[in-house]
Structure formats: structure tokens, C-alpha cells
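Trainee: I want to know what stands behind the terms used for this model. Can we go through them one at a time?

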Amino acid sequence: MTKPSLPDLLHAAVSAVGGTERPGQVAMAEAVAEAIDDNSHRLIQAGTGTGKSLGYLVPALAHGERVVVATATLALQRQLVERDLPRTVEALHPQLRRRPQFAMLKGRSNYLCLHRLHEGAPQDEEDGLFDQFEAAAPTSKLGQDLLRMRDWADETETGDRDDLTPGVSDKAWSQISVSSRECLGATKCAYGAECFAEAARERAKLADVVVTNHALLAIDAIEGAPVLPQHEVLIVDEAHELVSRVTGVATGELTPGQVNRAVKRASKLVDEKTADSLQTASETFERVMELALPGRLEQIPEDLGYALMSLRDASRNVISAIGATRDKSVQDEDAVRKQALAAVESIHGVAERITNGSEYDVVWYERHDRFGATLRVAPLSVSGLLREKLFEDRSVVLTSATLKLGGDFNGVAASLGLSPEGVEGDDVPVWRGLDVGSPFDYPKQGILYVAKHLATPGREGTRGDMMDELAELIEAAGGRTLGLFSSMRGAKAAAEELRGRLDNPILLQGEETLGELIKSFAADPKTCLFGTLSLWQGVDVPGPSCQLVIMDRIPFPRPDDPLMSARQKSVEEHGGNGFMAVAATHAALLMAQGAGRLVRASGDRGVVAVLDPRLATARYGSFLRATLPDFWYTTDRNQVRRSLAAIDAAAHADGK
């Protein structure tokens with residue numbers, strides 16, 4: 001039997017989802033197939049509207065080996081598992097003569113734990129052990145959520161938190177879920193045979209395509225114990241997010257509250273002397289944290305060093321003692337022991353890591369008005385980790401609408417631990433970059449406007465000239481505006497000011513769930529939506545409701561961000577340009593994602609307005625502009641107002 005051709009398979013899949021074949025999609029599919037065949041790696045930039053999920057799914061399914069697809073967002077995971085994969089599998093079945101299986105896999109804490117649901121969560125000592133469903137007042141939000149989850153447990157087939165609608169708070173979910181460290185294990189648990197997390201893992205072992213998230217991919221790489229099934233091909237979608245997600249997984253933290261909870265959980269399982277030593281270490285740590293000031297700790301202060309060594313040693317003794325004792329008087333002893341061990345091991349791990357003082361780690365204090373001080377430790381870079389763990393023993397394809405920064409792939413490649421494109425040698429992963437373009441005609445569909453006449457934004461204070469500009473642009477556009485702000489404070493200030501000035505409804509992130517805000521924004525063209533980071537990459541509103549995207553300033557990381565400033569300093573110490581490698585790269589990625597909110601379909605028209613003159617005047621401006629879609633560029637404020645008014649008039653003429 002002759003092997004079906006890739007173009008034929010792609011055509012069948014695109015027809016099945018009701019799409020249109022794009023030249024960029026064909027080029028992408030061929031590049032993915034080539035990478036799989038010769039066991040090499042690809043970075044593929046595929047603009048919005050390319051149809052990139054089919055561009056990688058079709059060659060992956062045709063290849064026949066197991067593939068893991070990792071995404072950053074829940075929305076894309078759902079799209080793949082609920083829409084793209086079922087239709088593609090059915091469409092390819094007649095030609096492939098097989099029906100590939102697919103499954104979704106997440107971390108254990110994303111699944112309902114039947115043991116915790118039925119037996120109750122082991123609580124801190126003063127609360128005793130009780131049924132959390134009885135304890136939470138049925139009239140409270142928490143109580144109502146817990147009762148709703150108990151009913152849902154009888155209906156759900158997956159136990160997946162994301163299938164519970166409406167969702168619940170982290171506090172409510174924590175009552176019926178466990179981390180992998182707290183889990184008793186399927187063989188020891190009375191509910192092991194029915195466990196949702198175990199069932200998801202079993203489905204993944206049998207699947208040809210496993211859809212997961214960046215965080216689980218990071219855990220699989222970092223922790224050494226494999227959580228993903230063996231696979232020959234890894235496809236990382238939304239790959240511009242990977243470094244920050246891996247950094248998040250590799251970051252440890254300690255708070256006095258966390259240590260106190262661990263003390264309470266462990267004290268009933270060990271002898272008095274061992275418990276007292278952990279209690280004393282906890283109190284010492286708490287006293288140090290009361291005086292903690294936010295910022296990086298380039299040297300560990302003596303009092304903190306002493307407190308961490310005490311915590312490390314005391315928690316090590318507790319871990320040994322818990323493992324050696326049995327106490328049948330403790331109700332549900334195995335679960336209590338597992339939860340206590342997990343809490344103490346976490347403290348031991350972070351205390352030991354900071355005490356050991358690796359030059360590759362960054363340590364800092366954070367202060368929160370509500371939660372007090374937190375001690376954090378994160379890797380200075382995850383590039384070495386990714387290079388070692390990601391690119392060995394499998395072909396890797398990384399794709400996103402935003403992978404070329406300043407015109408090439410080398411910036412993103414370096415953050416992933418890859419050498420510049422074309423460099424070959426022993427132990428150097430070989431990769432190639434491909435930009436398949438976009439089906440959209442950016443110069444005709446969009447304008448990039450930089451408000452060159454405005455004052456350069458400072459760190460503090462309101463920008464009166466910016467508020468005037470913002471109001472005039474929104475009026476010219478007739479609403480239809482997505483406002484992307486570099487801080488929540490900036491978004492709130494603009495919303496308050498313009499609600500008093502304009503007749504247009506202005507929605508503000510945080511005043512309602514993101515899903516509801518986006519729905520309201522899309523439904524009424526006169527409405528504006530203002531917000532911060534998650535809006536820069538999470539809004540997909542094609543059509544006339546979003547014809548003006550405004551960025552208040554270039555989103556450089558804060559100068560006092562401990563991790564970013566440490567990374568910048570490290571690049572400079574090695575002879576590089578720290579500002580361009582870290583701050584400008586961070587800003588370029590965000591701006592490209594933000595600008596990508598404007599044109600989501602072939603009929604979309606509009607303006608991306610950047611209210612920061614540095615994009616036009618600073619030396620790094622050309623680097624940032626080269627990362628954005630190829631819109632028609634202007635600094636002429638009158639021209640932009642005329643264009644916005646014309647776009648608004650055209651939308652009205654179409655009855656929108």
C-alpha cells in the first residue's frame with residue numbers, strides 16, 4: 001500500500017474542520033515532517049490565521065510514533081482535544097487506515113482526589129480532623145462550592161478541574177485535590193482503582209497524541225521521575241511562554257505561614273524533641289521574615305542563613321522520624337503522614353537549596369500587604385536545563401506566532417539553550433528556523449501609530465498628555481478599544497479618568513471574570529476593555545469590536561524585578577548587552593503578542609497605538625518594531641484620527 005502524501009492528508013484535515021488551506025500551513029507541515037524524519041529540531045513562527053495546529057498535527061499523526069503536544073493555555077488544550085484532534089483523526093482515518101488515539105494529561109493536583117473527597121482533608125491540629133463538607137457553612141461561598149463539587153464528583157468522567165463549570169476558588173479546590181507528593185499511590189489508596197489522575201495517566205500511555213501543558217513538561221524535565229509517557233516527538237505550541245513556565249516550576253518559596261502549617265502537621269507524628277526543634281526553627285525564621293525588605297539578596301544575611309540552616313536540619317530530622325514511626329491512634333494515618341511529609345520535604349528542599357548557595361540561583365524577598373514576606377529562589381537561567389533535558393532523544397518542534405525577535409530566531413533560541421542557527425558541533429542540538437508568514441495583509445489591514453509627541457513615561461505619576469491622547473483616539477474609533485497597560489495601577493487610573501470623560505462603557509480587568517469581560521467587549525462595539533498582562537495574550541475578538549489596540553508604554557520589566565535584573569547583570573558580566581538580551585527581549589515578546597490582538601481575521605482593520613515615544617526615538621525602537629507585525633507605520637496623529645474615524649464609519653455602514 002502506498003503511503004498517503006502529506007498534501008493529501010493536510011487537504012482532508014483542513015476540509016474536515018471547515019478551514020482554508022494556506023501556503024504557510026503547507027510549508028509548516030512539510031518542515032514538521034522533515035524534522036520528525038531526520039530527528040532534528042525546528043523553531044517555526046506561524047502568524048495568526050495560519051492554522052498552525054493542523055500544520056503540526058497532520059504530519060505528527062501521519063508519522064505514527066507517539067507525540068506529546070505541550071501548550072501554555074487551557075484554551076488551546078481544549079481546542080486541540082475537543083475540536084482539532086477528533087475532526088483530524090476522522091478525516092485522516094480513510095487514508096491512514098488507522099484511527100490514532102489522543103488524550104489530555106495534567107499534573108495530579110488538577111484532578112479530583114476521591115480519597116480526600118470521601119475521607120476529608122487532614123487539617124491542622126487545632127481544627128482536629130473533620131469532614132470539610134460539614135465544617136464549611138452551607139450558606140458560605142466555600143460551603144456551597146464544596147457541596148457542588150461533591151455532586152459533580154458523581155457525574156464527572158474525568159475529575160478534571162477545568163471541566164467543572166462554573167469554576168471554584170483555589171481554596172475550595174484544595175479541599176478535594178492532592179499534589180503528587182501528598183498522594184498515597186494507587187496501590188495503597190482505597191480509591192486507587194477509581195482514581196481520576198491514574199485513569200488519565202493510563203489513557204496517556206495508550207494514546208498516540210498526548211496533549212499536556214508547559215508546567216507538566218517542565219516537571220517531567222526537572223524532577224527526573226517521568227510523568228509523561230515515552231515519546232519520539234515533542235511539539236511545543238505557544239513556545240514564547242515556555243521559558244517563563246519552566247522558570248515558574250523551578251522556583252522555590254518559603255513563608256512563615258507555610259512553615260507553621262508544616263510544623264502542625266508533623267508534630268503529631270514525631271516525638272516531642274524532634275517536633276520542638278522544628279517549632280524553634282520556625283519561630284526563628286518568622287522573626288527574620290518580619291524584618292524582611294523587598295529585593296534581591298546577593299549575599300545571604302547571617303540571621304537568615306542561621307534560620308535556614310536550622311530549618312534544614314530540623315526538617316531533615318522530622319522527615320527521618322516520620323518515616324520510622326507508626327501511630328494507629330491517628331485517624332487515616334497514611335494520608336496524614338503523606339501530607340505532613342510533603343509539607344516538610346518542601347521546606348527542607350528550599351532551605352537546603354538556598355543554604356547551598358548556587359551561583360546559578362537568584363534569591364530575593366517579596367512583601368505582600370496581605371500575606372507578609374516571602375523568600376524566593378529561582379534559577380538565573382533555564383537555558384542549560386532546557387538544552388540538556390528538552391532536545392535529547394527526540395525531535396522537538398517549537399512554534400508560536402512570536403518567535404522572531406528583532407528579525408531573527410537567535411534571541412529565543414538562546415533562551416532555550418540553543419546555539420545560533422547554523423552552528424554545528426558535538427553536543428550542539430541542530431535546529432533550523434522557519435517563518436511561514438501570515439495569511440493577513442498587515443500593511444493594508446493595520447496601522448502602527450507611535451505617539452511621538454508625548455512626554456517619555458516616567459516611573460511614577462499620572463500622564464495627563466497620555467490621558468488626553470487616549471480619550472481622543474477612543475472617540476475617533478467610536479469605542480472598539482482594547483487597552484493594554486503595563487501595570488494594573490495604570491489600567492485602573494485610565495479607566496477611572498475616562499469613565500468620567502467619555503460616554504463609552506469601559507470594562508476593567510478584575511471587575512468580572514476574564515471570560516465574561518471578553519464576552520461583553522465582543523458583544524458591544526462601543527465598549528472598551530482595559531487590563532494588564534493576561535489581556536496582552538488572551539484576547540481573541542475578530543471583527544469590528546476590536547479596531548484599536550492601545551499600549552500605554554513599552555512593557556519593560558520593572559528595574560527592581562530581582563530575577564530580571566540579575567539575568568541582565570549576568571549577561572553584562574559575560575560581555576553581552578544585558579538590556580537588549582533581557583529587558584528588550586521581554587518587551588518585544590509582549591508587544592508582539594499585544595499587537596497580535598488587532599488582526600484576527602482577513603476582514604479585520606484597525607490601529608495599534610503605542611503611547612510611548614521611545615518606540616520611535618530610542619535606539620532599541622527599531623528592534624522592537626521589527627518584532628511587530630508589518631503594519632503601515634506612522635507618527636502622524638491627525639492621519640491616525642482620520643483613519644480610525646473612517647474605519648468606524650465603515651463598520652457603521654455594515655451595521656456593526
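Predicted model: local features only at pLDDT ≥ 70, side-chain atom pairs only at ≥ 80, totals over all residues.

Mentor: Residues are numbered from 1 along each chain as its sequence is written, and side-chain values use heavy atoms, with hydrogens and water left out.

Trainee: What makes β7 and β8 a pair?

Mentor: Pairing requires at least two bridges found by DSSP. Two bridges join β7 to β8 (residues 361-368), so they pair, and they run antiparallel. Gly295 stands opposite Tyr365 in β8.

Trainee: Why are β6 and β7 called edge strands?

Mentor: The open sheet has the order β6-β9-β8-β7, with antiparallel pairing. β6 (252-254) and β7 (295-296) each pair on one side only. Strands here are DSSP runs of E, at least two residues; helices are runs of H or I, at least four.

Trainee: How do you know how α23 and α24 cross?

Mentor: Axes are lines fitted to C-alpha atoms over the stretch in contact, with angles from 0 to 180 degrees between N-to-C directions. Those of α23 (residues 562-573) and α24 (residues 578-595) come within 7 Å and cross at roughly 145°. Contact means heavy atoms within 4.5 Å. Residues making the contact include Met564 and Val571 of α23 and Phe579 and Val582 of α24.

Trainee: Which residues of α10 are called buried?

Mentor: Buried means under 20% relative accessible area (1.4 Å probe, protein chains only). In α10 (residues 214-222), His214, Leu216, Leu217, Ala218, Asp220 and Ala221 are buried. Their cover includes β2 (67-71) and α16 (383-390).

Notes. Buried < 20%, exposed > 50% of the residue type's maximum accessible area, 1.4 Å probe, protein only.
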